[in-house]
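Thanks for coming. I will go through one structure, starting with a sheet and ending with the confidence values.

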Amino acid sequence: MSDTNTHSVSYVRESMLAESAPPSTETGTIKWMRENLFSSVLNSVLTVLSILVVYWAVSKIGPWFWNSVWDAGSLTECREILAAKGMTGHDGACFGVIKDRWQQLIFGFYPSEYYWRPVLALLVFFVGITPVLFDSVPRKMLILTILTPFVMYLLLWGGAIWLPLMVVAGFGVGYLAMKFLSPVNGLLGTIGAIILPLIFWLYLAGPIAGWLTFYAPIGFEFVPSKSFGGFTLSLVIGIVAIILSLPLGILLALARQSNLPIIKYSAVTFIEVIRGVPLIVWLFTASLLLNYFLPPGTNFDLMLRVIIMVTLFSAAYIAEVVRGGLAALPKGQYEGGDSLGLSYWQSMQLIILPQALKISIPGIVNTFIGLFKDTTLVVFIGLFDPIGLAGAIRASTDWNGIYWELFIFIGVMFFIFCFSMGRYSLYLENKLQREHR
Amino acid sequence: MKKTVFFGALTVAALVAGVASAATLDDVKARGSLNCGVTTGLVGFAAPDANGVWEGFDVGICRAVAAAIFGDPTAVEFVPTTGQTRFTALASGEIDLLARNTTWTFSRDTDLKFEFVGVNYYDGQGFMVPKDLGVSSAKDLDGATVCIQTGTTTELNLADFFRTNNISYEPVPIETNAEAQQQYLSGACDVYTTDASGLAATRATFEAPNDHTLLPEIISKEPLGPLVRHGDSEWGDIARWTLNALVSAEELGVTSSNIAELAAAPTNNPEVNRLLGTEGQLGSMIGLDANWAANAIAAGGNYGELFEKNIGESTPIGLARGLNAMWTEGGLIYSPPFR
């Protein structure tokens, strides 16, 4: 024991023993398994049962994926390929349908030579939204954010560039009116900034754009709304509705807390009526009822109607979520704002909303995820969202009788989008965490 | 220009709300395309292919009407409609013609104010059973579990049939045809009942179609046909006589392959000449070109060709002509004379 020491005293150890490895039960995988999987009899039993269930599921579903056929032009062909391997149609998936129709599932009936346009529009959207989502991006990028909707409209629907430009110019008119009329009279400036752009849009924008288009036809090939389908349709409806419903929802939430009875009760009525009726009913209203109210011959774009309905629907939900956030703030915050002499909008902007919105983030994102998935309901009014297209693909003689492959593809695509939204909301919550600093 | 149109529409909405629309044919011609309502997808009758081009038996009718008007079978905007939206779409003028395997019934014709322009497919409700069940007649189905789409006329027909024959059944309600296929194949029900054409199309997708059989009983009448709105009989005439032209063409032996030759110069058959516009003034009587019918037939072939190409025995669906054979061959397909 002490032969490592020159002057050894039998009862004193003067040097440390060499480190030896921890017992095998207290290290690495075994330790982890002891602690996490087999810490008690009950947990051991549950672990074994879970493993059996997982094994059972994988052994049933795994081969179906493993034996899947990708190179087939029809379900019959798929089955022949599987039969040649000595298997029945239940033993292997037929993902040939995805290979054959994935472009349709993603782009709908969008002209194939312009597939780059929705893709570019989505990229533009991501670039435009980064300054909003991440504060590490330079603030000047916000100018791009403002231009994003117009660029996206141009890319998706196309047509001459002049009409979107005229819409932008309308905002310019409003800005100029504000700048030059406000020094004269504050109220006049505000009214001018609202009225003049409206006059510009209603009476001047159309003719000027038409005139410019006639002399300088610059732009993209026009793609009508009915060509939109698949995930392009879901994303367009989802993204537009998400972007529009957030500000609308916040305004509604504030209106509901207002002291002015007309504003308050209009907001309450709106929220309760919209929220109290299923979305599918609103979609039917958009597609069926409006047809009777509009004069014959006016073809008010169905997609636009759906976007409006989905936006209003989700705005009502957002309003309630944000109201929850507002209610969670201590009264002192409101009083603090008042005592500093801030105006209503200033105290909202500087004190109340930043806190209320932070509290509401999980609820807001939850509503958005629900909204995005609800876009599949448009299948009931004859729009070709991914689910509708799955039905249409099944209606071809080639692919009649195929189910799971299409639904799995659609499910995976939706999962990717919804999961990303959920992750972003977690990131945002962590970033805005103030309590533990 | 979309926003302009939208704002314009809002501005003038109140002004024009009361003004009735002009003749449908003028509207269609001014628009340059026919708005034709079809299903969102039914095997053999209407479905978009991989390139988004609509194909099918009902689609063929739309194309024929477009060809009769414009001479161009592609001048059609297909508007997909669901069971709930189809009638509103037609009544509100969103579509000019509905060719969506719609059954011609009294109430639809009168109460809903539509005009069925003919029948392009005589269907009826049938039963499909696995061969193992050993049933050869629907009357042997006492106590069977039946997969049935809820809220349809098929449900009512089924109840009637079993009551009149004094036998019992247990319904298994399902929502869509896709669901029905899964339920039936997994054995959740002994029998699947829907329109016979749908049963045949469904059976064709099975891995072993020969293990299943269609029972001989057809328990309802489902005459499917294209329809238009009440109130514009001239437009109805165009749709009706386009369909009749396709039928007459089959009767007279005019096909898409010989039509160019027959329409080039008058033949020695005056009925063919009148149909194809090489003799007489039939086209101008309905406000179309003299060669309107020739264009309609050239679009997708005559009635028989459309049938064979989309749902006939050479296709996976494999429907026999049956009731849909020409009247000369014992069927019900019959066109009034072109005179």
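In what order do the five strands of the open sheet in chain B run? This is a predicted model, and the order is β10-β9-β11-β8-β12 (chain B), with mixed pairing. Helices (H or I, at least four residues) and strands (E, at least two) are DSSP runs, numbered from the N terminus. Two strands pair if DSSP finds at least two bridges between them.

At the edges are β10 (169-174) and β12 (212-214) of chain B, each pairing on one side only. On average, neighbouring strands of this sheet are turned by 30 degrees against each other, direction ignored. Axes here are lines fitted to C-alpha atoms, for helices over the stretch in contact (heavy atoms within 4.5 Å). Angles run from 0 to 180 degrees between N-to-C directions.

Take β9 (residues 144-149) of chain B: six bridges join it to β10(B), and the two run parallel. T145(B) stands opposite E170(B) in β10(B).

Helix α8 (residues 196-204) of chain B lies across β8 (125-130), β11 (191-195) and β12 of chain B, at about 125 degrees to β11(B).

Now confidence. The mean pLDDT (the predictor's confidence in each residue, from 0 to 100) of chain B is 88, and 93% of its residues reach 70 or more. Over residues 1-20 of chain B the pLDDT is below 50; beyond near neighbours in sequence, this stretch has 19 contacts in the model. For the complex, the predictor gives an ipTM of 0.81 and a pTM of 0.83.

On conventions, residues are numbered from 1 along each chain as its sequence is written, and chains are lettered from A and ligands numbered from 1 in the order in which they are written. In this predicted model, local features need pLDDT of at least 70, side-chain atom pairs count only at pLDDT 80 or more, totals for chains, interfaces and linings use all residues, and side-chain values use heavy atoms, with hydrogens and water left out.
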